[in-house]
Each structure stands twice: as C-alpha cells, then as structure tokens.
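This briefing is meant for a reader who has not seen the structure before. It goes topic by topic and can be read alongside the display.

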Amino acid sequence: MRKFAIYGKGGIGKSTTAANVSAALSMMGKKVVQVGCDPKADSTLNLLHGHPVTPVMDYYREHTEGPDFDHIGREGFGGVFCIETGGPTPGLGCAGRGIIATFDLMDEQEVFQKLQPDVVLYDVLGDVVCGGFSAPIRDGYADEIFIVTSGEKMALYAAANIIKAVENFKSRGYAQVKGIILNRRNVDDEYELVKAFADEHGLPIVADIPRSKEIQYYENKGMTVVEGDPDLPVSQIYRELAQKLLQV
Amino acid sequence: MKQAQRVLSTYAVDMFGIASSLFELGGLIVMHDADGCNSTYDTHDEPRWYDTPSMVYVSGINEIDTIQGNDQRLIDNIAEAVEAAHPRFVAIGGSPMPNAIGTDFKAIERLVAARTGLPTLGFRTDGIHSYLPGAGGAYIWLAKTFLKAPHRKPQKPAKRVNLLGLTPLDFSVVGNATTLKQIVTDAGFTLQSSWSMGDTLDTLAEAANADVNAVLSSTAFYLAQYMRDTYGIPYVVGIPMGEKGTADWLEALRNCDSSYLTGFTGQEKYIKAQYALADLNAWKTEPVYADTPCDVLVIGEPVYLLSMKAMLQQEMGISDVRMLCPLADAPRWLLEQVEVASVEDVIRQECRKARRVIADPIYARLLPDEKEKFISMPHEAYSGRHYHADMPIFVGPSFSAWLKNKLT
C-alpha cells in the first residue's frame with residue numbers, strides 16, 4: 001500500500017490535484033482511498049458527482065456515536081473510497097484534533113484492512129498550523145509527501161515552510177517530502193521559479209499542470225477532468241502524474 | 001448530566017494500568033501530565049508503592065509547553081532521569097491534556113529510544129479509558145519487546161503455566177497472588193512466570209516456554225491472544241474461586257481447555273483495544289436489560305464476573321446470577337455474556353432488580369435503603385486502598401466458606 005500526503009498553500013489546487021490523481025489511479029485499476037483533511041470538507045466533492053459524503057466530524061455532531069464502516073465514507077468515481085474529516089463549527093473547537101479523531105475511527109473501523117487499497121491519498125489543509133495537521137504524516141500514516149505550488153511568491157513561501165516543518169520532524173519518524181507538483185497560475189517565468197525552488201531543496205518536479213478551463217468546466221459538472229474527458233492533454237498530465245507517483 | 005457519577009466512583013484509568021503492569025520490572029514509568037504529584041496515579045491504586053522500589057514519575061507539563069506542543073522538555077527530563085536511575089526500559093503515557101492536543105507518543109517513543117538507547121514504550125493513554133486497555137497495551141509491548149524464543153513447543157497436558165493479568169488492581173495485595181501461586185505449584189504445575197506480581201523482567205522474558213496461559217483478568221486477554229498467535233500457547237480464562245472452582249480451573253489448565261467458563265474455541269480473533277471517540281460513547285449508552293428480578297447481581301471486571309458466576313451456580317446452588325461490567329472498554333470477547341452499563345441510574349436499576357448484589361462497597365451507595373442486600377467485595381481498581389481491611393482472599397478453596405457465610 002502506498003500512502004501519499006498532499007500539502008500546499010490554501011487554494012493552490014491540492015484537492016483538484018488529489019481528486020484527479022485518485023481518478024487516474026482508479027482508471028489504472030488501483031483501489032484508492034482519498035481522505036480530505038480539511039474542515040471545509042471539499043476534497044472529494046468532484047469524485048462524488050456533487051453529492052458530498054458526510055464528514056466524520058459532522059456525523060459526530062448529529063449522532064451520539066461515531067459512524068460505522070458503512071457511514072464513514074462512500075465510493076465515488078472509479079470506486080475511489082472518499083472520506084472527509086470535516087471539522088468543528090467554525091470558530092469553535094479544534095480542527096486538528098478532529099483529524100486525529102477521524103484517523104482513530106478509521107483505525108478502529110479497520111478501513112484499510114477492509115478495503116485493501118493500493119493507494120491512500122491524504123489531502124491536507126494548506127498550512128501545518130498545529131499537531132493535528134501533521135497527523136497525516138505521522139508514523140503509520142502517509143509515507144511520502146508531495147507539495148503543490150505555483151510560481152507565486154506566497155505559494156512558494158508556504159511550500160518552503162512546509163518543507164522546513166517536515167525536516168524538523170525527521171527524527172520523529174514522519175514522512176518526508178518527495179516532490180513538487182507545479183500547478184500553474186500563469187506567473188511569468190513560472191517553471192524557472194519553481195524549478196529553482198525545487199533544486200534548492202533537492203526535490204524533483206513530478207508534474208507541470210497547466211492552467212486549464214477544462215478543469216473548471218468539469219468541476220462545475222461535479223467531476224474531475226480525468227473522468228470528464230480522459231483524453232484531454234490536462235487529463236493526460238494527471239494520468240502521467242499518477243503513474244509517476246507509483247514509480248517514485 | 002446522566003453520565004455524571006453522583007455517588008459512585010470511577011475505575012482506575014489507562015495510565016494506572018500501565019503503571020501497575022510494569023511496576024516491579026525496573027522500568028522508568030512517566031505520566032505526561034500537569035500533576036506535580038504522582039500519588040494521583042500511583043499511591044491511591046497502587047498498594048505496592050509503600051514497600052516496593054519503583055520509578056514512577058509525572059512530567060509536570062505546563063501551559064506553555066502544551067500550547068507549543070513542546071515535547072523536548074519531557075524528553076530531556078527523561079534522559080536525565082535515565083542517567084541517574086539506570087532503568088531497564090522507559091514507558092511514557094499521557095493524560096487528558098496531551099490527548100487533547102494530539103501529542104504524538106509514537107514520535108516521543110522514537111526520540112526517547114534514540115536518546116537513551118533503551119527499549120521505550122510511548123503509549124497514547126488519555127486518562128479517560130479504564131486501566132484495562134492500558135495494562136493490556138503495556139503487556140503486549142512487554143511481550144513484543146522482551147519475550148525470548150521458546151526452547152520447546154507447548155505440551156498437553158500442560159505442565160508449565162503463566163499467570164497473566166495478576167496485578168493489584170484486580171487482586172490487591174491481601175494474599176490472592178501468593179495463594180494462587182501456591183495452588184498452581186501444589187497441583188504439580190511449574191510456575192513459568194507471573195505477570196505482574198513477584199517476577200522480574202528476566203523471568204517474564206522466558207514466558208514463551210509455558211504450555212498454557214491462565215488469563216486471570218481482562219488486562220491479560222490481549223497478551224494471551226498474542227502469545228497464542230506467536231507461540232501457539234493456548235489460554236484458559238478464569239480465576240480459581242471456591243473448592244469446585246479451583247478444582248475445575250486446575251483441570252482446565254491441565255487440559256488447555258479454552259472453553260472453560262467462556263465457551264471459547266481458543267481461536268478467537270485478536271481484537272485490539274479501542275481508542276476512538278466512538279468507543280468512549282459506549283460509556284454513555286443507557287441499555288435496558290430484562291426487568292425480571294434475579295437472585296444475585298455481580299458487578300466488576302469480566303474474568304472475575306465469569307468466575308464468580310460459576311461459583312455461585314455450581315457451588316452455592318444459585319442459578320439466577322447476572323453479571324454487570326461497568327468497564328465498557330474491556331476486551332469485546334469477554335463481554336459476550338456480560339451486561340455492560342456505566343451510567344449510574346442504569347446500574348442502580350440493575351441493583352434494584354437483584355436480591356443480593358456482590359460488588360465493591362461503593363456500589364451500596366446506590367440504594368441507601370437496601371444496604372443489607374450488598375455483599376462487599378472491594379476492588380482495588382475501583383475503591384483503591386479504602387476498603388483493604390474488608391478485602392477477602394477470593395482465590396482458592398477457602399473462599400467457599402467466606403461467601404457461604406455472606407450469603408446466609
């Protein structure tokens with residue numbers, strides 16, 4: 001089982017990337033679990049044709065007990081099993097602890113033992129703001145981290161912070177950063193900027209995803225572009241990224 | 001507020017279970033908690049504290065360390081204590097505060113092990129679960145870390161016995177452990193090891209040479225399952241209580257009869273201790289049990305319940321016996337025949353239905369007008385040292401006379 005965590009600045013396209021990679025992996029015949037680790041709970045929306053799964057934290061709010069296996073997540077496109085941690089009511093509670101509680105529940109419900117996935121993708125909130133948001137890279141969860149960034153200054157700044165945080169965690173046995181996913185925002189010299197950043201940190205750029213209207217087009221239809229039109233050039237890039245992740 | 005305990009107490013928590021199961025083994029045991037005094041964990045429920053050397057410490061976590069998730073002070077302090085005390089291992093567990101901020105005890109385990117070079121257990125206790133999963137997890141870690149490969153395979157009829165789950169939390173220090181060991185050796189068995197009273201880490205390391213494991217409390221069921229899966233050692237669940245109970249238990253041990261008291265096949269699937277919020281909610285459920293009265297209700301830990309029920313039925317001639325376990329996080333297999341209730345009102349209702357109640361004396365507070373129906377069986381994990389003077393030796397043939405006297 002390969003377990004990846006996708007990090008990056010808020011709004012940079014982590015969920016879009018994760019969902020398209022999941023869709024592409026499923027088209028390769030892989031069993032995939034995607035876990036959205038963000039209170040917004042929108043990671044898997046485009047794998048579910050706009051019918052969102054109930055986030056685990058929402059379930060806890062509405063019921064006295066936690067969800068059982070049949071209610072912890074739902075299969076979406078290509079059989080991708082979608083789970084959303086969700087979070088507390090905005091302004092209250094502790095979202096990071098919600099991620100840990102969801103992982104505990106997944107462990108107890110033996111989600112991975114039951115599904116036997118080939119790949120698990122953790123799609124994590126932009127910034128590692130507290131212990132809970134590092135939970136996906138703790139020992140036993142993701143083994144490899146990929147950071148999504150554009151050439152924008154703040155996106156690269158966030159990526160640098162994530163790399164620094166992860167390096168600090170090395171002695172704790174946490175996952176390490178294995179590559180950069182360039183999600184273009186059409187900044188001048190974007191590839192060169194990101195390449196210089198990647199080289200500085202000794203990381204490869206594993207994908208160069210162009211800004212594409214087709215992504216938005218299919219997202220408006222509640223699906224990934226990979227599902228909507230797998231032959232489009234941008235879909236092909238996601239499919240190549242999926243293959244590359246398995247090879248890294 | 002239904003979960004509030006108005007007159008009842010609470011059971012020893014998970015960290016107490018770790019401290020109790022590891023107490024005599026020469027390890028440094030650290031509670032990661034704000035408490036400046038370890039008596040909260042280790043004197044109220046640990047009778048060995050007064051006369052047995054041990055190394056149990058509290059980290060004294062403070063507000064700023066908590067906010068900043070600063071584990072470094074804990075690691076530095078542990079390293080300093082290790083240098084001074086030379087323990088055989090280090091065990092670290094948490095309290096509610098580290099649990100609330102999601103402290104990564106596996107990472108702390110790794111860092112402490114690297115720093116000290118000692119076998120280290122980082123256990124994610126939360127001070128909310130009971131001593132059962134705490135001790136259960138510590139036993140599993142001990143087995144995985146220290147058990148040596150056996151010299152020979154388990155034999156049947158069994159000759160060499162491990163006594164598992166023998167902590168003061170369930171057996172106190174009033175003579176149960178000594179009696180139990182005497183019963184085993186008098187019956188011609190060889191006592192391979194005793195977890196956890198009276199043996200050293202080196203003795204426990206040889207436990208895989210046993211022919212059979214006697215599971216004396218729920219704390220040891222996970223360990224017994226691990227040793228079955230790893231070394232093929234069968235388990236027998238039960239405590240030898242009373243004349244017939246003792247004879248039957250010895251016979252079950254000799255024959256490696258896993259079905260004794262439980263009906264088990266001996267192949268029960270390993271179900272690990274539960275730690276999620278969902279499980280905690282099990283403490284809050286209000287089950288409704290049969291409204292019919294019963295002759296005797298027994299309250300306590302599941303292995304004790306099964307053993308007491310057998311004794312009441314087979315030796316005391318009382319057929320209508322019900323068992324109630326307030327510990328919702330006991331191993332699931334052991335709860336199959338047992339009612340589970342933690343909410344005070346539910347337990348009160350169950351006590352009301354019974355003609356006699358055998359339980360820790362604190363439960364008598366539930367029905368102040370019916371105190372005479374309660375038979376006091378103090379449970380260290382529940383009332384601590386408070387009722388030591390009333391605690392009988394409930395292991396062995398002599399318990400028959402004691403119980404007969406109480407029931408008349």
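## Domains of chain B

In this predicted model, the C-alpha centres of domain 1 and domain 2 of chain B are 32 Å apart. Domain 1 covers residues 14-128 and domain 2 covers residues 277-407, according to the domain assignment.

**Nonpolar cores**

- The largest nonpolar core holds 122 residues, and those touching the most other members are A91(B), A138(B), Y139(B), V215(B), V236(B) and L253(B).
- Helix α7(B) is the biggest contributor to this core, giving nine residues.
- Both domain 1 and domain 2 of chain B supply residues to the core, so it lies between them.
- V236(B) touches, among others, V212(B), A214(B), V215(B), A252(B), L253(B) and C256(B), when residues up to four places away in sequence are not counted.
- A second, separate core has 76 residues, including Y7(A), I83(A), L105(A) and A142(A).

**Helices α7 and α11 of chain B**

- Helix α7 (residues 131-146) and helix α11 (residues 221-231) of chain B have axes that come within 7 Å and cross at roughly 30°.
- Angles under 35 degrees count as roughly parallel, and α7(B) and α11(B) are therefore roughly parallel to each other.
- On the α7(B) side the contact is made by G136(B), Y139(B), I140(B) and A143(B), which meet F221(B), Y222(B), L223(B), Y226(B) and M227(B) in α11(B).
- Sorted by class, this contact has eight nonpolar residues, one polar residue and no charged residues.

**T246(B)**

- T246(B) sits in helix α12 of chain B, residues 242-254.
- T246(B) counts as buried because it has 23 C-beta neighbours inside 10 Å.
- Apart from neighbours within four places in sequence, T246(B) is in contact with I183(B), P240(B), G396(B) and P397(B).
- From T246(B) to G232(B) is 14 residues in sequence and 25 Å in space, C-alpha to C-alpha.

**Backbone details**

- K156(B) and P157(B) are joined by a cis peptide bond with omega of about 0°, and P157(B) is in the loop between α7 and β5 (160-164) of chain B.
- C256(B), which is not a glycine, has a positive phi near 50°.
- C256(B) lies in the loop between α12 and α13 (277-281) of chain B, and is buried, with 20 other C-beta atoms within 10 Å.
- Q116(A) is not a glycine either, and has a positive phi of about 50°.
- The loop between α5 (111-115) and β5 (119-124) of chain A holds Q116(A), which counts as exposed with 9 C-beta neighbours inside 10 Å.

Notes:
Residues are numbered from 1 along each chain as its sequence is written. Chains are lettered from A and ligands numbered from 1 in the order in which they are written. This is a predicted model: local features need pLDDT of at least 70, side-chain atom pairs count only at pLDDT 80 or more; totals for chains, interfaces and linings use all residues. Axes are lines fitted to C-alpha atoms, for helices over the stretch in contact, and angles run from 0 to 180 degrees between N-to-C directions. Helices (H or I, at least four residues) and strands (E, at least two) are DSSP runs, numbered from the N terminus. Angles under 35 degrees count as roughly parallel, over 145 as roughly antiparallel, 65 to 115 as roughly perpendicular and the rest as oblique. Two residues are in contact if their C-beta atoms, placed from the backbone, lie within 7 Å. Ala, Val, Leu, Ile, Met, Phe, Trp, Tyr, Cys and Pro count as nonpolar, Asp, Glu, Lys and Arg as charged, and the others, Gly among them, as polar. A nonpolar core is a set of buried Ala, Val, Leu, Ile, Met, Phe, Trp, Tyr and Cys residues joined through C-beta atoms within 7 Å. A residue is buried if 20 or more other C-beta atoms lie within 10 Å of its own, exposed if 12 or fewer, and partly exposed in between; C-beta atoms are placed from the backbone. Domain bounds come from an automatic or database domain assignment.
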